[in-house]
Amino acid sequence: MKKYMLTLGIVAMIALPLACGGSDDSTPNDDDGPIIPTEEFVRAADMSYLPLIESEGAVYYEDGAEKDALTTLKDAGCNTIRIRLWKNPSDAHSGMQEVKTLANRVRAAGMKVWLTVHYSDTWADPGAQTTPSAWSTLTFAQLKTVAEDYTSDIISEINPDIIQIGNETNDGLLWPMGKLSTNEAQSVQLFSAISAVIRAEAPNTKIMLHYAGTSGSDWFFNKTAGVDYDYIGLSYYPVWHGANLSALTNAINTLGAAHNKKVLVAETAYPFTLGWDDWTNNIVGEEGQLVSGYPATPDGQKNFVNAIRTLVDDSQYGQGFAYWGSEWLAFRGPESTNGSPFENQALWDFDHEALPVLDAFHQ
């Protein structure tokens, strides 16, 4: 997600019943012979903050009863949980051990693991791809080797079902050596080297390259066309990427056709209210930040996510979607200035009760 700085220190589908099969299940042969399995349509939620939020005592509810948040998602139809991984975070949250524990919990709940590896100690996004401090003095050859070794460790420890090589890598990763606009050859070498490790050690894991927005996405995916990967991932937030859903549809179709790849909306979110539940400045809080036809109400939020799901599912290249900030409640109290800038876009309301938007994950 955009990790733009706010007070916290971070700035930071129309429900379409899926008739028998579709991209969720299987496709018949033309001769009505045996059913040919296809890849399952990804219905994902990013739950990276869950360990932190639970550690501070927050509880999630469904229909008035306390219920494990992952179980609520699974029961709603969510089939994949997206989790971020930082190399050496300052407080261990989103570090290897916490992520491994959460990944095991996700699998125990019956869902797949989608790992977004930031290749940084903190937020990586279009404006910052900071090399981990432990790697900051390495030569390029050494940097490539440690990135390969780290990736191998991730496969050994977590073995995700989907792995992102970087997060919102619009201009590459591991700056400055891997900055795409200024060190193109090195940037592509890093992507390719990391991909080769995944292919060799986890051949069943799907590999994703991830871009924030649609503008400029053709440039990025043309530059990385030689990298071995499976999925194109796009972030789409109306507040940053515009309120025109047609532009997103066009990007999915154009990129999918140009590169013969499946495409996922790797991050999206929408408010169920323009109100707030703590004193941390919210990212979205004004009518002008909304998409026409989708008010900031529980039903408006649900209809927006259903629209995203539908436009992805309607494309021959569409493979799924992920909701970002799903769990990010105002977990530090109503007067907290370091709580959540996203509580009005979570999948649970200000009473921590599951919202109607969960219907968008149905199978």
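**Positive phi, S94.** I looked up S94 and found it buried, because its relative accessibility is 3%. Buried here means under 20% relative accessible area, exposed means over 50%, and partly exposed lies in between, with a 1.4 Å probe and protein chains only. The phi of S94 is near 70 degrees, a positive value in a residue other than glycine. S94 sits in the loop between β6 (80–85) and α3 (96–108). Helices (H or I, at least four residues) and strands (E, at least two) are DSSP runs, numbered from the N terminus.

**Ground rules.** I noted that this is a predicted model, where local features need pLDDT of at least 70 and side-chain atom pairs count only at pLDDT 80 or more, while totals for chains, interfaces and linings use all residues. Residues are numbered from 1 along each chain as its sequence is written, and side-chain values use heavy atoms, with hydrogens and water left out.

**Positive phi, Y119.** I checked Y119 next. Its phi is positive, about 50 degrees, although Y119 is not a glycine. Y119 lies in the loop between β7 (112–117) and α4 (140–157). Y119 is buried, with a relative accessible area of 1%.

**Loop between β7 and α4, T131.** T131 is also in the loop between β7 and α4. I read a relative accessible area of 13% for T131, so T131 is buried. T131 and L143 are twelve residues apart in sequence, and their C-alpha atoms are 9.3 Å apart in space.

**Cis peptide.** I looked up the bond from W175 to P176. The peptide bond is cis, with omega near 5 degrees. P176 is in the loop between β8 (162–165) and α5 (184–201).

**Helix α6.** K223 belongs to helix α6 (residues 217–223). K223 counts as partly exposed because its relative accessibility is 29%. The C-alpha atoms of K223 and L180 are separated by 8.2 Å, and the two residues are 43 apart along the chain.

**Barrel.** I traced the strands next. Eight strands form a closed barrel, in the order β3-β6-β7-β8-β9-β10-β11-β12, with parallel pairing. The twist averages 25 degrees from one strand to the next. For that angle, axes are lines fitted to C-alpha atoms, for helices over the stretch in contact, and angles run from 0 to 180 degrees between N-to-C directions. Two strands pair if DSSP finds at least two bridges between them.

**Strand pairs.** I went through three of the pairs.
- β7 and β8 run parallel and are joined by four bridges; T116 has Q164 in β8 as its bridge partner.
- β8 and β9 pair in the parallel sense over three bridges; I162 has K206 in β9 as its bridge partner.
- β10 (residues 231–235) and β11 (residues 262–268) run parallel, with five bridges; L234 has V265 in β11 as its bridge partner.

**Burial of β8 and β9.** Which faces of β8 are covered? Both are: I162 and Q164 on one side and I163 and I165 on the other are all buried. In β9 (residues 206–212), six of the seven residues are buried, so the strand is largely enclosed by the rest of the structure.

**Cores.** The largest nonpolar core has 97 residues, and I81, L234 and I308 have the most contacts inside it. A second, separate core of nine residues includes V42, A44, I162 and L264. A nonpolar core is a set of buried Ala, Val, Leu, Ile, Met, Phe, Trp, Tyr and Cys residues joined through side-chain atoms within 4.5 Å.

**Second largest pocket.** I read a volume of about 270 Å³ for the second largest pocket. It has 18 lining residues, and K112, D161, I162, N204 and K206 are the closest to its centre. By class, the lining has six nonpolar, six polar and six charged residues. Ala, Val, Leu, Ile, Met, Phe, Trp, Tyr, Cys and Pro count as nonpolar, Asp, Glu, Lys and Arg as charged, and the others, Gly among them, as polar.

**Largest cavity.** Its volume is about 60 Å³. Among the residues lining the largest cavity are Y237, W240, Y270, F342 and Q345. By class, its lining has ten nonpolar, two polar and no charged residues.

**Terms for voids.** On a 1 Å grid over the protein atoms alone, a cavity is a set of points where a 1.4 Å probe fits but cannot get out; a pocket is an open set with protein on both sides within 12 Å along at least five of seven lines; lining residues have an atom within 4 Å of a point. Grid points are joined across faces, edges and corners, and a volume is the space filled by probe spheres set on the points.
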